[in-house]
Amino acid sequence: MKDICCGIDLGTTNSVIARLQGGIPHAIDIEEGQAIVPSVVSFDPENGQVYFGAQALNRFVAFPSHTVKSVKRLIGKEQPITVGDATYLPEEISAMLLKHLAAEASRVLGQPVRRVVITVPAYFDDAQRRATIRAGELAGLEVMRIINEPTAAAFVYESPAVSGEGTEELILVYDLGGGTFDVSVVQLRGDIKEVLASCGDTALGGDDFDERLKEHFLELLQQRCDRDLSEDFPLQVRLKDIAERTKIALSVQPFVAINEVAVTVIDGEPVNLAVEVGRGEFEEMTEDLVEQTRRKVMEAMDEAKVVAEDIDRIVLVGGSTRLPAVQDMLAELFEQPMEHSVDPDLCVALGAAVQAGIITGEPLRQILIDVSAHSLGTRTIDEVDPETGDADYFSTIIRRNTRIPVTRSEVYYTMQPDQKRVEVEVFQGESPSCRDNTLVDSFRFDLRPAPIHSPITMEFSYDLQGIVHVTVSQKGYGNTKTVAVDLKKAKAAAKQAEAGASGEPELADKPVNYLSQKARQLLQESRLAATSLHELKALACAYEAAVVNGEDEDRVDELEDQLVALMDALEEERDNLG
Ligand code: AMP
């Protein structure tokens, strides 16, 4: 049976094995359908069994002295690791991980995996590289090549078979994982890839972000219980886990409500953790960590003798690059949208698989990834342009080039006490002003009476069919509404309502039915406020487009109901004006 050559990202926190298939790299789902395997080994002294990945990680709390994590930090050092009564060299533990990855991949693929390409950080010295090769050999594998992680990441975006002759590109690879941070400037020239500069911090990563939240929770509990809980080891482990989950949730939603029961026991009584954390608060706690990475980026560019404008592309690697604060910092520094079109957890392994394919002479194909072609967001009127007095701010919810499917949410605030409704307008485009973007849909969301500045959460869920489910909720009032926006149909509708010079949606030449005729009459009513007329026009446009495009009945009915309700409200408003 033909053996295959795989690429392995042997990470500090997680590892991934991938292969080239039909010219395209694929990560292999080896652990219960998961490609991402925690780089953890746990030993059971009772029966001599060895556990790997998620199983090993789960044993960490109960058997910390028999479980080994982050061995990559020690590789290349003559520093034995004690596990119960036994001692191992770091490369021996790494060998066990590699053997497990290759054996599981063989099982899934039904083909032997004997040859591998393994990635290492660009800053690894000779001893660390040699120890990694030894680990592969101890695992019974033929290590075809050791390649730098940023080079592997660059391979995924620009494989030599795809890039034309003579193309030259400068890529900045920003890799923020669980425990380490690396930034490299890579030059691509045809099929030559050169790391011009690389720097980082081997003790900075997602764990530090978790640690800040964990300390915050610990502080709260200590205050509440009036006790020093810093020596309570199981509590530390539990809080760290809650902190990581909270951090991950905050990457896609503005608030997280934590309700964890019995995080510890004091005087025989369980202690619960109930607290809400906002993204802004979390970003304040961790601002200096993001800033440290920014400084390293500047350092790498200095070393490579390039400036931000010289960089053609930013490649994000590592799970922590999903932090919005990291993306915002980079977007500001490089004045370009961030590249997240390949899963940042898989990118390095996929690149290693491309390299493995090149070595074995397999044909490569252009990698096609589904990404959002435009940014999606909504109009907010709480920010007024000081120069023009315009309140036309485009608030981005899903950035351009984000891999889909994706769900993102943001929070906005009401502008009046007992505000009756908000007009939700969904725009597509890259301009900070809605006027220059395309209105793809709008609908009205009726509010329950609430004080001024009450939060309204808006969630966009973009699926592979090109449908965006927009969910608006009035936080704390159980008031929610979801509308499905079909971007393909909306595009056609938007064309019809395409802006004249003003960028306003335009009604078609003729009314489409009696209701649209009535809406047009009401639009002539000069006594009504400009914002009300704008709202009416946008809704009438959306309704007419839905009728003309033959959208499904529920959608047309929904818009009809909204239009009737709005017209009733405006007629009342007009009559009250006398
Ligand atoms: P890696 O070492 O590349 O596997 O990255 C692991 C790190 O990424 C861990 O610290 C995770 O908590 C972090 N991470 C994973 N997903 C997210 C997310 N959505 N937002 C923020 N951090 C994340």
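Which element supplies the largest share of the shell around the ligand? In this predicted model, the answer is helix 6, which contributes three residues. I shall begin with the chain as a whole, then turn to that helix, the ligand, and finally one serine.

The protein chain comprises 14 helices and 25 strands. Of its 578 residues, 51% are buried. If we consider contacts between residues at least 6 apart in sequence, 64% of them join residues at least 24 apart. The chain exposes about 27,000 Å², and carbon and sulfur atoms supply 48% of that area.

Let us now look at helix 6. The helix runs over residues 233-250, 18 residues in total. From its first C-alpha to its last it reaches 26 Å, close to the 26 Å expected at 1.5 Å a residue. Its buried residues are Leu235, Gln236, Val237, Leu239, Ile242, Ala243, Thr246, Lys247, Ala249 and Leu250. The cover over these buried residues includes helix 5 (206-225), helix 7 (279-285) and helix 9 (324-334), together with strand 15 (255-266) and strand 16 (269-278).

I come next to the ligand. It is surrounded by 15 residues, of which the closest are Asn14, Gly178, Glu244, Lys247 and Ser251.

A polar side-chain atom of Glu244 lies 2.5 Å from a ligand oxygen atom. Gly178 uses its backbone instead: one of its N or O atoms there is 3.0 Å from an oxygen atom of the ligand. On the side of nitrogen, a ligand nitrogen atom is 3.3 Å from an N or O atom in the side chain of Arg322. Taken alone, the ligand exposes 510 Å², and the protein buries 86% of that.

Finally, I turn to Ser442, which is placed in strand 22, residues 438-446. Is this residue buried or exposed? Ser442 counts as buried because its relative accessible area is 1%, and the cut-off is under 20%. Leaving aside residues up to four places away in sequence, Ser442 touches Glu423, Val424, Glu425, Ala538, Leu539, Leu559 and Gln562. With one of these, Glu423, the side chain of Ser442 also makes a side-chain polar contact of 3.5 Å.

Conventions:
Residues numbered from 1 in each chain as written. Predicted model: local features only at pLDDT ≥ 70, side-chain atom pairs only at ≥ 80, totals over all residues. Heavy atoms only, no water. Helix = DSSP H or I, 4+ residues; strand = E, 2+ residues; numbered from the N terminus. Expected span 1.5 Å × (residues − 1). Buried < 20%, exposed > 50% of the residue type's maximum accessible area, 1.4 Å probe, protein only. Contact = heavy atoms within 4.5 Å. Near = heavy atom within 4 Å. Polar contact = N/O pair within 3.5 Å; in protein donor to acceptor, adjacent residues only side chain to side chain. Areas by Shrake-Rupley, 256 points an atom, 1.4 Å probe, with all protein chains shown as cover.
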